[in-house]
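User: I would like a close look at one part of this model. Please keep it brisk.

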Amino acid sequence: MMDTFLNNYIGAGTQALYPVFEDGYPMTKIYTVSGESIIQMPTIQIIKQSIIRYGSNYEGAVKSAIFYLGGSYVHPLQISGQYKIYMFPTKACLHAECVWIALDHYKGCEKVDSQRTRIYLSQDRSIIVDCKTTLLMKRYNKALNLKNKIDNFLISMQS
């Protein structure tokens, strides 16, 4: 099992994908349990390629989220069913400044000001994102709900 961010793909140790821009070019700062790095890829490209790497596709992951949660502007996504990797966005999924948070590494949050929130991740790491705290909590709860609904469906199929 992949436990860190390897070969530009999300693994079980990936905590967050944080967009950064250098001379106007989109890049991504990757937070993992073993450290941080920056790669020359937009966050949404990493999300899409990771989902494909695990045997699905972005469109299918979005359709699955809509099926389980209903129509919405912002969807959490299952990155890998086998490794139970789920991520939720801070903005619209395709927004260039959308930060993606791994459900398993989210440990809580607190308000910084009216528009920003500090997110606590595993390994005593925290990041500040441009997202209202109440909105972030809704997105976290949607991700948890998606994971639970998929887990419950899979359990029902074993009977």
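Is Asp124 buried or exposed, and what is its relative accessible area? Please describe the loop and the sheet around that residue too.

Analyst: This is a predicted model, where local features need pLDDT of at least 70, side-chain atom pairs count only at pLDDT 80 or more, and totals for chains, interfaces and linings use all residues. Residues are numbered from 1 along each chain as its sequence is written, and side-chain values use heavy atoms, with hydrogens and water left out.

Asp124 is exposed, with a relative accessible area of 83%. Exposed means over 50%, buried under 20%, and partly exposed in between (1.4 Å probe, protein chains only). Asp124 sits in the loop between strand E8 (117-121) and strand E9 (125-129). Strands (E, at least two residues) and helices (H or I, at least four) are DSSP runs, numbered from the N terminus. The phi of Asp124 is near 55°, a positive value in a residue other than glycine. Most residues other than glycine have a negative phi.

Now the sheet. It is open, has 3 strands in the order E7-E8-E9, and pairs them antiparallel. Strand E7 (106-111) and E9 stand at the edges with a single partner strand each, so one side of each has no neighbour in the sheet. The twist averages 25° from one strand to the next. Two strands pair if DSSP finds at least two bridges between them. E7 and E8 run antiparallel and are joined by 5 bridges. Glu110 has Arg118 in E8 as its bridge partner. Helix H3 (residues 133-157) packs on the sheet and touches E7 and E8. Contact means heavy atoms within 4.5 Å. The direction of H3 makes about 160° with that of E7. Axes are lines fitted to C-alpha atoms, for helices over the stretch in contact, and angles run from 0 to 180 degrees between N-to-C directions.
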